[in-house]
Each structure stands twice: as structure tokens, then as C-alpha cells.
Amino acid sequence: MPLTTICDFIRFATSRFNEANVVYGHGFDSALDEATYLVLTSLHLPHDMPPVYAAATLLPDEREVLQQRIHERVSRRMPTAYLVGEAWFAGLSFKVTQDVLIPRSPIAELIERGFAPWLQQPPERVLDLCCGSGCIGIAIAVHVPESHVDLADISLDALQVAGGNAADHGIEDRVEFIQSDGFGALGGRRYDLIVANPPYVSQAEVDALPPEYAHEPMLALVSGEDGLDLPVRLLAGAAMHLDPTGVLILEVGDSADRLAALFPEVPFRWAEFERGGGGVAILDRDELVAFAETFGAEDQRRGAR
Ligand SMILES: C[S@@+](CC[C@H](N)C(=O)[O-])C[C@H]1O[C@@H](n2cnc3c(N)ncnc32)[C@H](O)[C@@H]1O
């Protein structure tokens, strides 16, 4: 029996995903959840479509696209976001290619709740460092209409994706794109909020991840032997780019314990999330000045380990 309807394809994809034990680490809870998203998005259909349309018959070329994408998802473990070219973050749609990490940072929740309780007022000058698709900085620009956001990344390909996303959300006049290795190209720019989701995983940890993650750019995941090379550089350089009352929000995910153990005297505050995730540190400028002053010694300690 051929597959003919929308419902057929959602059922078929769900069965294949379950059979193949695909991993749902990129924003989905279950095979049915991901299969429904893959089928409806590929067909350019709204996700709140009345159930009666599930019985609609698909055209041959639509079936071919769906067969191909379901096959790619199962045989190559290609994440659905790359197959459909879209991911959702902070309630907004972002275009994604394999040049950028698939957005999934818990920082989305901080943006949606106006950074409470960490910021007393909406940020005006913002830096999204390691911006990738631009999801964090662009979501801030959309949620905080008075903000101006610099989006920086070492990857020109990522910046190009971020540029497309900024245009899609109509905020190009309030954002600037800068190719930068860490703070390297940011000169004397200062901000009242710096947000960074840098690579923070070790090569050994990446090697142990499910095959879905191998499709993401390694530049976006791995940072040195213990995963902390870039995060520590950002901690050391942030004070110079913050206004006196400025704040750094730095994601280090599962490397949080390692970072805290490496710098036991640093008063990291860790954000809590209702929707899951963690490892997001918040530090103010004075704490980062202290970090920068002791960084030389700490850097040697890291080198001596
Ligand atoms: C974990 S991804 C985060 C992307 C995006 N902010 C998000 O949350 O989905 C890390 C990003 O850091 C960039 N990156 C890696 N090394 C960098 C460096 N030395 N300086 C600036 N950006 C860097 C990568 O190109 C990648 O886009």
C-alpha cells in the first residue's frame, strides 16, 4: 500500500524514527513530535492546522521530498532542523544551515522573561558573542525594541546566516555584524549586556555524542582539551567591554562544574530554568575585573594541569 496522506507520512516517519532509535536532542520530545514537525514544515503547512487536513492526499513530488527527508533523518541521522532549514528559538523562527549550531540554548527562557531577576532594566547596548545563527542577539533585538545589538562570530558563514535571520525579523537597522575571534575585533566597544554561548565541549565529549551532533560545525562545539579555552578567554576579556553596571551572561552547559572547580574563588551565579537546561553563569563587571586581574595566574594553573 503506498503512503498517500499527511497522516500516513506522520505515522510512517514516527515508526521509522522509533525503529531506528534516533536521538531527539535538538528540540523534540518524541518520535511523533519530530515526525509531525518534519512533515508539516516540509509541506509548508501551519502547525495548528485543523485535524481534518491530515487526510489530504499528497502530490507525487511532495511524497518524494518527505520520503527523502525521512530517509536522511534515519540513515544519516541528519537533524530535522537542517533538513527543513528552520529551528525555533524564543518563540521565533530562524533559518539554519550546517554552518551554524541548531539553536537550543536555555538563554531563550531568560530573554522571554526579560532577564529577570538578573537585569534591573532592559539592556540597550548588547553584544551576542559567538552568535552562530544570531538566535540569541536577534531574539533580544525583537523582545527589547530599544536595544542595539552587535552580533559577533569567528565564522563568516555563520554571520551570513545571522544576517539573513536579522532581515527576516526586520531588525537590520538595530544590529551590526562583526567577524571576531573572541573580543579581538571589538576595539573599544562597550555594552550593558554581553551574552555568549561559546563552544564549551571537549573533543572527547563530542566524540561520545550521538551521531546527530556530528552534523553540527565542530567550531561551534569544541574548545580545547577540556572545552574551556574560549569560555575562560571570554571571562578574562569581558570586563574591558562592559559598562560599569554591565553584566556578562555566559553559557558553559555541562562544563559548569569543571569551570567552578577551576576557579573556586569566582562567585559564579547560575541561572535557573523552568524549561530545563543549565550551566549559564552570570557575573557583573566588578567580578570580571577581579577575574581579569588574577587571570594570568589562573591561566598558568590551567597550563600546569
Ligand atoms: C555553541 S555555538 C552558539 C551559536 C548561537 N549563539 C546559539 O546559541 O545557537 C558557538 C559559536 O561560536 C563561534 N566561535 C567559535 N570559536 C570562536 C571564537 N574564537 N570567537 C568567536 N566565535 C567563535 C562558532 O562559529 C559558533 O557559531
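**Backbone notes and domain layout**

N21 counts as exposed, because its C-beta has 9 C-beta neighbours inside 10 Å. Keep in mind that this is a predicted model. N21 sits in the loop that links α1, residues 6-20, to α2, residues 31-42. Its phi is positive, about 55°, although N21 is not a glycine. For context, most residues other than glycine have a negative phi, and most peptide bonds are trans.

Next, F115. Phi of F115 is also positive, near 65°, and F115 is a residue other than glycine. Is F115 buried or exposed? F115 is buried, since 23 other C-beta atoms lie within 10 Å, and the cut-off for buried is 20 or more. F115 belongs to the loop between α5 and β3.

That loop holds another item. P117 lies in the loop between α5, residues 107-112, and β3, residues 125-129. The peptide bond from A116 to P117 is cis, with omega near 0°.

Now the hairpin. β1 covers residues 86-89 and β2 covers residues 92-95; the two strands run antiparallel and are joined by four bridges. Which residue of β2 is the bridge partner of F89? The partner is L92. Two residues separate β1 from β2 in this hairpin, and A90, in the turn, has a positive phi of about 50°.

On to P198. P198 is in the loop between β6, residues 191-196, and α8, residues 203-207. P198 counts as buried because it has 23 C-beta neighbours inside 10 Å. What does P198 contact, leaving aside its neighbours within four places in sequence? The contacts are C130, S223, L230, P231 and L234. Take C130 from that list: C130 and P198 are 68 residues apart along the chain, while their C-alpha atoms are separated by 5.4 Å.

Last, the overall division. The protein is divided into domain 1, residues 6-83, and domain 2, residues 86-304. The C-alpha centres of domain 1 and domain 2 lie 31 Å apart. Across the boundary, ten residues of domain 1 are in contact with eleven residues of domain 2. On the domain 1 side, the residues that touch domain 2 are five nonpolar, four polar and one charged.

In general, the size of an interface is often given as the accessible area lost when the parts come together. That is the end of my part; I will take questions now.

Technical notes
Residues numbered from 1 in each chain as written. Predicted model: local features only at pLDDT ≥ 70, side-chain atom pairs only at ≥ 80, totals over all residues. Domains from an automatic or database assignment. Contact = placed C-beta atoms within 7 Å. Nonpolar A, V, L, I, M, F, W, Y, C, P; charged D, E, K, R; others polar. Buried ≥ 20, exposed ≤ 12 C-beta atoms within 10 Å, placed from the backbone. Pairing = 2+ DSSP bridges.
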